[in-house]
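Subject: The structure, and what turned up in it

Hi there,

Here is the structure I promised to pass on.

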Amino acid sequence: MYYIGIDLGGTNIAVGLVNEEGRILQKAETPTLASRPYTELVRDMAVCARQCMEQAGVTEEEIDSIGIGIPGIANKDGVVVFCTNLGWHNVPIRAEIQQYINKPVYIDNDATVAGWAEYHAGVSRGTNSSVFLTLGTGLGSGIVINGKIWAGAHGAGGELGHLVIDVDGVPCTCGKRGCAERYCSATAIIRMAREACAEAPNCAIMRAVNGEVDKINAKIVFDAAKEGDTVAMQVFNRYIKYLTIVINNVISSFDPDMIILGGGVSRAGDFLLDAIKAALPAYVFYPTLGQPELRIASLGNDAGIIGAALLGKE
């Protein structure tokens, strides 16, 4: 059997035909154009799915199920309860897409499906439990316990980005203050760097952007930190402190076999991992016990398609 995986992003809709081993056999994509009615986006998903099937020579009868990863929360009835990036509230995606392709449809959060992909076909394959943290514009997470996705009783159990780690801290887009994603995302690195550069306008970060503060990004900050720039190192160390606190909370809550870091910030690789590993012993509750293995995600942009497709295997 084959599976259709749909990665619904704010910019692009990426669709893939995936086999049981988690390998993408055919891909198609189209711009999301998120301001359109949801019915048009679903139609485009179905068109891309059929394009994948036709190009791979696979019939609808050979498709087991369809999975969709969304930047939001869906309930067990296949209704997207909310998806802020797309402005969706209570959208019946399962029923809508089944008008085009009448197969079982599974929907979950995009970070959750990325973690599911790594568990099935990526770096955490062979583990019993794992927690995936995606370090991008926000902080998403995907939790696998005893070989199954764990999302809590209401589907919001994997929202580790909204753990409060700084009481009365930086306002979050969710309405609270001090959420982890306000301190552990690429957005957080940029904010902290801008604040630091305001006090040190001649630092390496500002030189790298020719004094244009709006051009600061996480890579520029990390590159300057690698070169030993004092201001960049201050920002980097502050970021590592917050991220290590979140990782410690993950260990204390789930004690997984592995913690995987994905998203744009994770491209820093060993520079990021080595700093976390050096800081973590000061936070863990039982430092003499074994700790989860800390790894960088391996599937990159394909994780969304693969993980969504394999939702039906659970």
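Asp-255 sits in the loop between α8 and β12 (258-262); helices (H or I, at least four residues) and strands (E, at least two) are DSSP runs, numbered from the N terminus. The phi of Asp-255 is near 45°, a positive value in a residue other than glycine. Leu-33 also has a positive phi, near 50°, and is likewise not a glycine. You will find Leu-33 in the loop between β3 (24-31) and α1. With a relative accessible area of 51%, Leu-33 is exposed; here buried means under 20% relative accessible area, exposed over 50%, and partly exposed in between (1.4 Å probe, protein chains only).

Before you read on, a word on the ground rules. This is a predicted model, in which local features need pLDDT of at least 70 and side-chain atom pairs count only at pLDDT 80 or more, while totals for chains, interfaces and linings use all residues. Residues are numbered from 1 along each chain as its sequence is written, and side-chain values use heavy atoms, with hydrogens and water left out.

How many disulfides does a search of the whole structure find? The search finds zero, where a disulfide is a pair of cysteine sulfur atoms within 2.5 Å. Cys-184 has its closest cysteine sulfur in Cys-179, and at 11 Å that is too far for a bond. Cys-184 is also buried, with a relative accessible area of 0%. Cys-197 is in no disulfide either; the nearest cysteine sulfur belongs to Cys-203 and is 3.6 Å away. Cys-197 counts as buried too, at 3% relative accessibility.

Next, the salt bridges. The whole structure holds 12 of them, a salt bridge being a side-chain nitrogen of Lys or Arg within 4 Å of a carboxyl oxygen of Asp or Glu. These are some to look at:

- Glu-60 and Arg-50: the closest N and O atoms are 2.7 Å apart. Glu-60 lies in the loop between α1 (38-56) and β4 (63-70) and Arg-50 in helix α1, so the pair ties together parts that are 10 residues apart in sequence. Glu-60 is partly exposed, with a relative accessible area of 24%, and Arg-50 is partly exposed at 31%.
- Asp-214 and Arg-194: here the closest N and O atoms are 3.9 Å apart. This pair links distant parts of the chain, 20 residues apart, with Asp-214 in the loop between α6 (204-208) and α7 (218-226) and Arg-194 in helix α5 (residues 186-199). Asp-214 is exposed, at 63% relative accessible area, whereas Arg-194 counts as partly exposed at 34%.
- Lys-215 and Glu-212: the closest N and O atoms of this salt bridge are 3.4 Å apart. Lys-215 is partly exposed at 48% relative accessibility, and Glu-212 is partly exposed at 39%.
- Arg-36, Glu-40, Arg-43 and Asp-44: salt bridges link these residues in a network.

There is also an open sheet of three strands to look at, with the order β5-β6-β7 and antiparallel pairing; two strands pair if DSSP finds at least two bridges between them. Its edge strands are β5 (73-74) and β7 (88-91), each of which pairs on one side only. Strand β6 (residues 80-83) pairs with β7 over three bridges, in the antiparallel sense. Across that pairing, Cys-83 has Trp-88 in β7 as its bridge partner, and Val-80 has Val-91. β6 and β7 form a hairpin with four residues between them, and Gly-87 in the turn has a positive phi of about 70°.

Lastly, have a look at Ile-245, which is found in helix α8 (residues 230-254). Leaving aside neighbours within four places in sequence, Ile-245 is in contact (heavy atoms within 4.5 Å) with Ile-165 and Tyr-283. Ile-245 and Phe-285 are 40 residues apart in sequence and 12 Å apart in space, C-alpha to C-alpha. As for Tyr-286, that residue lies in the loop between α9 (270-279) and β13 (293-296).

Happy browsing, and do write back with any questions.

Best wishes
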